[in-house]
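Welcome! Please take a moment to look over the sequence and the structure shown here.

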Amino acid sequence: MDTITYVLTTNGLLFLVSILFWKFPPKKINKLYGYRTFRTMQNIDIWNFANRNFNKTLLKYAGFSFLAAMILGYISKKTLTWEPMILVVLAIVVSIIKTEKSISEIYDEDGKKL
């Protein structure tokens, strides 16, 4: 598989999914779709806040990941192997950490606003 195809199927797919999550966020708490943790499923306010925050953050970092992988693929003389996947994992992990931090700043452990 050539570098561009690999980047499109890893980083490009994450960016596409982040656009879909951003355009079509979950409307209510469910067990299938959305940013689902025990804490976010406590009430609808946390659910809406967490999904908005995560979708916005994921869109930003997935875009950075996609752009960085494309640039890396363009300037690299060899076929990329693990580098684009590291960028995908970093985008997801950073988005989760930032969302959890934002939730902790606004809501307590019982799901009430601080």
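What follows is a short tour of this model, from its overall layout to its core.

## About the model

This is a predicted model, in which local features need pLDDT of at least 70, side-chain atom pairs count only at pLDDT 80 or more, and totals for chains, interfaces and linings use all residues. Residues are numbered from 1 along each chain as its sequence is written, and side-chain values use heavy atoms, with hydrogens and water left out.

## Overall layout

The chain has 3 helices and 0 strands, so its elements read α-α-α from the N terminus; helices are DSSP runs of H or I with at least four residues, and strands are runs of E with at least two. The C-alpha trace spans about 55 × 25 × 15 Å along its principal axes.

Of the contacts (heavy atoms within 4.5 Å) between residues at least 6 apart in sequence, 63% join residues at least 24 apart.

## Inside the chain

Buried residues, those under 20% relative accessible area with a 1.4 Å probe and protein chains only, make up 33% of the 114 residues.

The largest nonpolar core has 12 residues, among them L14, Y35, F49 and V88. Such a core is a set of buried Ala, Val, Leu, Ile, Met, Phe, Trp, Tyr and Cys residues joined through side-chain atoms within 4.5 Å. Helix 2 (44-75) and helix 3 (83-106) each give two or more residues to this core, and helix 2 gives the most, with 6.

## A closer look at F49

Which residues does F49 contact, leaving aside its neighbours within four places in sequence? They are S102, I103, I106 and Y107.

Definitions and conventions: Buried means under 20% relative accessible area, exposed over 50%, partly exposed in between (1.4 Å probe, protein chains only).
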